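Thanks for coming. I will take a few minutes on one model and its chain contacts.

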Amino acid sequence: MKTSERGVGASIPRFEDDRYLEGRGRFVGDIRMPNMLEVAFLRSPLAHAEILGVSKPEGAAHQVFTAADLEGVQGIRADSGLPGFRSSVQPILAVDRIRHVNEPIAACVAANRAQAEDLADLTQLEAKPLPAVHDMLKARDKDAPLLHPDWEENAFLESGFEQGIEAAIEKATVTVRRQYRTARQCMSPMEGRGVVAYFDDQADQLVIITSTQMPHIVRNGLAECLGLDQARIRVIAPDVGGGFGYKGILLAEEVVLGWLAMRLRRPMRWIEDRREQLAGNANCREHWYDITGYASADGKLLGVDCEAIVDSGAYSAYPFSACLEAAQVASILPGPYVMEGYRCRTWSVATNKPAILPYRGVARTGVCFAMELVMDDLARELGIEPAEFRRRNLAPAEQMPFVNITGKIFDSGDYVEALDRAVKALDLPALRARQEKGEPDGRLLGVGLSIFCEQGAHGTSVYSGWGIPMVPGYEQATARMTPDGGLELRVGVQSHGQSLETTLAQVANEVLGVEPGKVRLVHGDTALTPYSTGTWGSRCMVMAGGAVAMACEELAERVKAIAAKLLQAEPGQINLADGEARGPSGSVSLSRIGAVWYHAPQDLPDGVDAGGLEATKGYKTVRDTGTFSYACHSALVLVDPETGEVEIERYGIVEDGGVLVNPMVVDGQVWGGAVQGIGTALYEEMPYDSEGQPLATTLADYMLPGAAESPSIAIDHMETPSPISRFGQKGIGESGAIGPPAAIGNAVNDALRGFGARIGQVPITPERVLAALAAGGSQ
Amino acid sequence: MKPGRFDLVLAGSCGEAVSLLGGREEAKPVAGSQSLGPMLNLRLARPAVLVDLSTCAELRGVTEEADSVLYGAALTHAEFEDGGLVDATPGWLPQIARRIAYRAVRNRGTVGGSLAHADPAADWVVTLRALGASVLLAGPEGERELALDAFFTGALATALKPGEIIRAVRVPRRGASARWGYWKFCRKLGEFAKASAAVLADPGRGEFAVVAGAIERAPVALPEAQALIEGRADPRVVVEEALPFLPPERRALQATATARAIAALSEGENE
Amino acid sequence: MTEFTVNGQPVRYNGEGRTHLADFLREEMGLTATHIGCEQGVCGACTLVKDGKPVRSCITYAAACEGAKIRTLEDYRDDVLMARIRAAFKEHHGLQCGFCTPGMLATAYDIATRLPEADEARIREELAGNLCRCTGYMGIVAAIKAVLAEGPHVAPEPAAREAVIASARFGAAEAPEVVAEAAAAPVVAERPALLTDGHRLERVARIELPAERVWAVLSDIRQVAACMPGASVEAVKGERVTGAMAAKIGPITARFGGTAFVTYEPAEMRGTVAGQGGDGSSRSTARGEVHFALAPSGDAGCELTCEILYKLSGPLAQVGRPAIVAGVVDRLLADFTANVEAAARGEAPTASAPPGFARLILAALRNMVGRST
C-alpha cells in the first residue's frame, strides 16, 4: 500500500546506515571522558549463598565499594498489583544473601578496565553456600530452600483463567495431553549493556548514558533508588547495539555508576562483557507446560486445559516485574483459535537464576510452541492434516474483530488466508509424496506449520491490569519546523535497529510533505524528548508513528495558514507535498514558510497560532487493546537419524503486519526475528547445574545461529489494515521470533513420526533428537 | 574481560625463543593466540610471560624432503588453505585447513600452535595424526622428533617439556594412489567438533589409518584400520571396543563419523 | 617497544602485554569503529585487517603486532570497493543496530577480493565467523552477492597518505603493580554434605598383591597424598586434613586449597575422603569425594575400586567442555591407582601429573588432597 514515493509504504534506504557503515556510530563503549574511571564488579561465583564478609584489598580499599558503602541507596523493587504477588527487593550490591551467579557484590574502580578487574580479583568474598533452586519444577516443593525467607513458597504469583472447560471435556472424543519445555536463553544483542555516568555541575544533574531501550523509565527507577528528584537526573541512550528486551530494565549497575559518579565526582564507565552477560544474565524464555487439548470427532477444537510454570529467576525486574510473563501465558495461550472451554493455571516461580525479562515475543514464543504442537498431535489423533485441523478452528475473517475466549480483541485479518497461502507455497501434496518415497541420503523429511498472533502497541487498559510500575498512556511527539523548512522530531521511544530515524521521517513526509532527508529524529534523551515508556512490545511504529502524525498534522494546519496568506488562498485550498505548499495558483516552499515564521513575522497572517511551527501532540490508538499482526510460518526440515542433526531446507513466512510503513524495514525485522526464533528452536540454551551454575558462559558454548545455520527466508505479505491505528499499521517487531520453535518442532515431529518418536523441548539438539528416536524405537 | 598482567616478548629465532622461555613453567610460547587468547581474556590462563613466535622467520618456512615435507610451525591455517604451500598430499591439506574455525581465526592461528594446544576437537590434531605426521621440537636440551601418537598425551596435553617449542611439522608425502577421508560433526559451522574421524588409505606405502577425534582425549587410532576401510569390520563394533570410555550416545556418533569418513574416502569426497 | 602502523600512521606501543589490539585502537587511539563484542574470539565484531587479512583484534595483542600494517574501518574513506560494499549493505538492508557492521564489512571486503566466484552457500560459510543478531543475515548475504555479481574486484591500493604528523608515542602510562595474590575463592571449612549429584567416575584395578599390603598404603593419608599427582598436605588433625591440589590443564593452572575429611572403615577395607577447596585465581571452588574399597581377589591378589564424584562451581565450571575434564580426572584416577599399587610394592610413584582441563582435575585433586593430607 504505497501512498507516496517517500512516505508511508515506501522502501526508502535508511538514514541510520551511513554512520554505522563508516564506523561513526557512537555506542556507550565509544565514549571516553577526561578523568574517566572504569568499573569492574566482583560478582558472585555462587548461585545461592550467605555473605559472611567482603574484604577489600589492602592499599586499594578506597577503590572498592560494597553494599555497606551505598548509604541511602534503595534496592530495586518492581511489584505487581495482581492479588497474591510476592514482593522481592533486588539489592544494588548484594547485602547479606546472594541469589544468583554473577550477582554484583562489589564495584571496583580503577584507571582502566584491566586494573579494575585486577582489583576485583583481589577483593575477597567469604560466603557460605546454600542449596540452590535450579529447577523450576522443584521450586515449589515443600523442602525447597526459600530464596526470600519471608515467603511461604518460591512463587512470585499464581494466576489463571477458566471458562467452560468442564463442558468441553465432556464433549470431547479426542484428547491429547503433553508436556513441553523451553530452555533458558540469553538474548545476546551484539552490544551488551554499558553505562557512562557523570555529574554535570552546571546543570546540577546526574547524567547517565546507558545502552537502554527506555531512558525515561530508567530515570524513574534511578530517582527512586538514589533518592534524587527526577529533574536532577538526565538519562541518555546513545547508539544502542540491539536490545530485544535485554535493555528494557533498570540496572543495578546504572544505580551503582550514578552513585559512584556523585561520590567520586568523576566520570565512570562500566561496559558489560560477554562473560558477565552469559554467566549472569541468561534471563528469558524458560517455560514448562502440561497441556491437554480436546477435540470432537469432526475436527473441532473444543478446549484447552493447561498448567504452566515460568522460571522467573530470583528477583522481580524493574519495570516489567516477575508477574508479566506467566500471567501473559494464561491470557494468550488460546491465540487465534475458536474454542468453547479453556482453563490455565500458571506460576511465576523464583529460582537462583537471573530475574526474567521479556524477550522479543515475550511469552508468545513458548505459548505458540505448546499450543501449536498440541494442535498437530490432535490433528494426528483425528487423522487429518494439521493444516486442515487449523483451518477448521481459526477465527474466520468475517468474525473480525474477533474476541477470543480470554477477551483478546483481534482487530483485523484473515488467518485462514495466511494458512492457505503458506500451504500452497509448500505444495503439501508433493511434500507428502516425497516423504513417502524417502530421501536418498537416509535423512527424514518433515514439514511443520505454526500460526499465531502478535499483540503490539497494547496500552493502558492492558498494563493497568498488571499493576506494574510502568503503564503506558498517551504517546507524545514534538514536531518542530526549522527556519530552513526542515523538521526536527522528538520522541521518547528509542531506536536501536528498528530504523525509526527513517520510518518516522516517512510518516512526517506523508503528513507534511517534508523531504524525509530533511527530517532529524531526536530520541533517547530524557532532557530532549517527551516522556515515553520506551521501545518494547512492538509499539513504536504504531504509537510513536501515530504521535508523529498527530504533531505533524497540527503543524500542517499552521503551515497551511501561513501558506494561505502567502498564496492568497484559503487554508482549506492548500495541499502539502514534495516540500512545498500548493495553492490553487502557485506554491510556496516549506523553507519559505519557515523563514516567514522565524525571520519575517511581519508577513504572518493575522490571528496566526502563537504556538508557531512547533507542536507536541499525544496519541493513543482508537482502542488501546493492541494491534494484532499475525503470521503463518512453515518449515521443511531434514533430520539425520544417525547424528540427530536438523537442517532447515526451506523456511517460509506469510505475514500480515497491516499497512507497512517501510516494507524493507519490515522484512528486516521479520528475518532477524525468525533467525532468533531458529536459535530458540535449535541452538540456544543456558543449562544450569544443580547448584545453579550456568554452564555456557562463552559464545562457543552458548550458540547463536550464524549465517551458515540460517536459511534463506521467503516472506509473503498480506496487508490488512488495522482499524485502530493511524495508518492501519500494526506492531510487527517481535513476530518473527515467535513462530520458529513451533514450526520447526512440528516439522521435526513430522519427520520422526514413523519412528514413534516425538520432541517436546527446545532447543532441538542432536542429543534430544537421538534420545527421542531411542525412546520412540523402544516403545 | 581483560587478561591478567603478563609480559609479551617477541622471539626472533627458535634459539631466542627457547632461551626466553628459559624452561620456566610460567612462561608460555604463543603464535597466533587464537586458542590461548580467549583463555587469557577469561583469566583462566595466567602466564607471567608470553614468548611470541609468530614473526620468527625460521618457523615460517617449508622444506621439501625426499619422502616428506617439513612445515614451519608458525605457518597459518589460511596459508595452508590458500594452496600456496607445497602440499605433501594430493590436495588434502587445504581442504582440512578450510574447515578450521573461521577465516579470521585461520589468518592468525598456526599449525604448530594448534598441535601444541592439543585440543581434542581440533582439525590438525586428528588429521595430521592420521597422516602419520611428526613434530620437531626445540628445547633447552636440543632438538628431538616425536611422532604425533607419542606427542599427544591427553586432552590439551602433550609431551612438550617446559621451555620446549614445536619448530616444524613433518608430513609424509602421499602419492596419487593414496586416498583420504575426513568427517566431523559440528553443531555450528566453525565451532568445536562433537565427533570426528580421519581416514588414510595409502596402499602404495602399506599404510592405513582410521583415527577418532573430538573424543575429549588424545586422538585414538582405531584397530583394524584396513579392515574398516575395506568394509570387513563394523565401525560400531570397533568403536565400541576401542573407545569404552565414551558414553553410549557419543559412541554411536563416533561410529557414524567413522563410517562417514570411510564413505568419503571411497567416494573421493570430503565434506 | 613494538612498532607498527595503523591506517598508515606509524605508532610505537610500549604498554602492557595484556592490552589487546582492539582496546589499544579504541582507548588509546580513539579509533572506535572497531567494536568489541565478546573478547572470546567468537562473535567477529572486532574483525579488522592486519597485513591485508581480516583478523580478530580481541585476541591479537598490541605488543605482538611488530611490523604489522593495521587497517580499521576508519581507513576506507576513499576506497572504491568499500564504497560499493557499503552501498550494497544500505540497499539490501544489511544492517540494523550497526554493532556487528564494522566486522561484517571487513569480512565482506575479504570475500569480495578473495572469493570472486563464491555462491550463496560459500558466502554464508565465510560469514560464519561474524555474528549478527538483527538481520537474520538475509540483507548481508544479498549485499555481498550483489557486490560479487559486479566483480571480480581487486582491492584498491590505499590512497596516498599525508605525511605523518608526528611519531606519537601511544601507550598506557605505567600502571601500579598489583603484587598481592588473588584472593581465595569462597569456602567454608565445614564438613560438606555428601554429594548427591555431580560427575562420577569409577575405576577398578586388579593388583597382584595381598589386600592387606595395599590397605597399608590406603590407610595412611600421607601415603595416599603421595600417590596423587599434584596433592600436598599441610596438616592432619584427626580426620580433618588441610592441603592443596595443584593441577595444570593445557594453559590453565590452578591450585585448590582446602579441607577434607577422611573416614576409614578398616574392617571393610573401605574409606572415603570428602573435601572442598577453592582456587583463588579462577575464583572457583570444587567439592569432591573419593570412595575407595579393597577386596581380596584370587590368590594373593586384590581388587581396588576407586570412585570419584566431583562438582565445580565458579568460572571454571562455567566454560563448558566437561567431557575433557572427565577425561583428565579419569587419567588422574588411573595414575592414582597405579601409584597405590607401586607404593604397596615399596616403589616410588611413577605416573606423572595428568594434563587436561584444570578445573575438573582440580576438583578431583582437591578430593584427593583432602584424602592424602
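Predicted model: local features only at pLDDT ≥ 70, side-chain atom pairs only at ≥ 80, totals over all residues.

Residues are numbered from 1 along each chain as its sequence is written, chains are lettered from A and ligands numbered from 1 in the order in which they are written, and side-chain values use heavy atoms, with hydrogens and water left out.

Chain A, then. Contact, meaning heavy atoms within 4.5 Å, involves 61 residues of chain C and 80 residues of chain A. The buried area, that is, the accessible area (1.4 Å probe) lost on putting the two parts together, summed over both, is about 5800 Å², with 56% on carbon and sulfur atoms. There are seven salt bridges between chain C and chain A, a salt bridge being a side-chain nitrogen of Lys or Arg within 4 Å of a carboxyl oxygen of Asp or Glu. One of them joins E27(C) and R32(A), at 2.3 Å from N to O.

Now chain B. Here 54 residues of chain C meet 51 residues of chain B. About 4300 Å² is buried, 54% of it from carbon and sulfur atoms. On the chain C side, R18(C), P251(C) and R321(C) lose the most area to chain B, together 17% of what that side buries. The salt bridges between chain C and chain B number four. R98(B) pairs with E125(C) in a salt bridge, the closest N and O atoms lying 2.7 Å apart.
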